[in-house]
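Reader: I have not looked at this structure before. Please take me through it step by step.

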Amino acid sequence: MSFSNPKLRLAAICLLATAGLSAGCAGGQSPGDYAADLFYHGRWRQQPLPIKPQVEQITLDHRVNFEPTRAVVGMIERDAIQAFVLRSRITRQERIDIDGPRNADGQHDAVTAARLVAVRAELERSGLTAVIPVDPLGFSDVGAEQVGIYVTRVLAIAPDCSFPQPAIGQRPDYAWSCATVANLGYMIANPADLMGGHGISPADGEASTGSVQRYRSGSVKALIKESTN
């Protein structure tokens, strides 16, 4: 809880300053009576919840068409895949699933399996790694002669830091930390990091102690000079 009435702060200061003395702080009231009066008549307001980064997950999809019974990606479809990758600006950090029609048991037949491998190879030409899911995707809907490419993308949503101007005589309201949260959403390279962090690689104890040994032996490495022009 927080309060905006400056008299409440004055009462708290008065209580500390008098330390139980009988001298009144205002209007001849004792510190306790003065604080109690303001407590029940003060303007209290609930402390707002802290602003946190917001993320939204979306799915981009593309259909690759094949000739009946064939598992070779044609030139037109190859160009379409590359155009989809460039247009959507797909990065290596994003999850890419490829799936095709399945039988009643949820399995791919031999032709579909070969098509999935061919599409995955085309994506690898662009430096992307695709996953063929073991279980059917809930949102997968492809034709009998198609393979679907599904890209899971996480978007960072910047909070609204604008507030209406208060009435005359009132103190303005501020969204504390809102600008920091908004800047984080604008600058983060991979918004998926806002949903879950990454593990760290194993520490190299020998390399870490090397700097200490160089310091003790007087063999400190010189700083690398770089130009910012």
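Author: A contact here means heavy atoms within 4.5 Å. The model is a predicted one.

Reader: Among contacts between residues at least 6 apart in sequence, what percentage join residues at least 24 apart?

Author: The count takes in contacts in the protein between residues at least 6 apart in sequence. Of these, the share joining residues at least 24 apart is 75%.

Reader: In what order do the helices and strands run from the N terminus?

Author: The protein has 6 helices and 5 strands. From the N terminus on, their order is β-α-α-β-β-α-β-α-β-α-α.

Reader: Which element gives the most residues to the largest nonpolar core?

Author: That core has 18 residues, and Ile90, Ile96 and Leu123 are among those with the most contacts inside it. At least two residues each come from α3 (75-88), β4 (95-99), α4 (110-125) and β5 (146-157). The element that gives the most, with 4 residues, is α4.

Reader: Which residues does Val119 touch, leaving out those up to four places away in sequence?

Author: Val119 is one of the residues with the most contacts inside the largest nonpolar core. Leaving out residues up to four places away, Val119 touches Val64, Phe66, Val73, Ile98, Val147 and Ile149.

Reader: Is α3 parallel or oblique to α4?

Author: The axes of α3 and α4 lie 10 Å apart, and the two helices pack at an angle of about 50°. Their contact is made by Arg78, Ile81, Gln82 and Val85 of α3 with Glu122, Leu123 and Arg125 of α4. Angles under 35 degrees count as roughly parallel, so with about 50° the relation of α3 to α4 is oblique.

Conventions
Residues are numbered from 1 along each chain as its sequence is written. This is a predicted model: local features need pLDDT of at least 70, side-chain atom pairs count only at pLDDT 80 or more; totals for chains, interfaces and linings use all residues. Side-chain values use heavy atoms; hydrogens and water are left out. A nonpolar core is a set of buried Ala, Val, Leu, Ile, Met, Phe, Trp, Tyr and Cys residues joined through side-chain atoms within 4.5 Å. Buried means under 20% relative accessible area, exposed over 50%, partly exposed in between (1.4 Å probe, protein chains only). Axes are lines fitted to C-alpha atoms, for helices over the stretch in contact, and angles run from 0 to 180 degrees between N-to-C directions. Angles under 35 degrees count as roughly parallel, over 145 as roughly antiparallel, 65 to 115 as roughly perpendicular and the rest as oblique.
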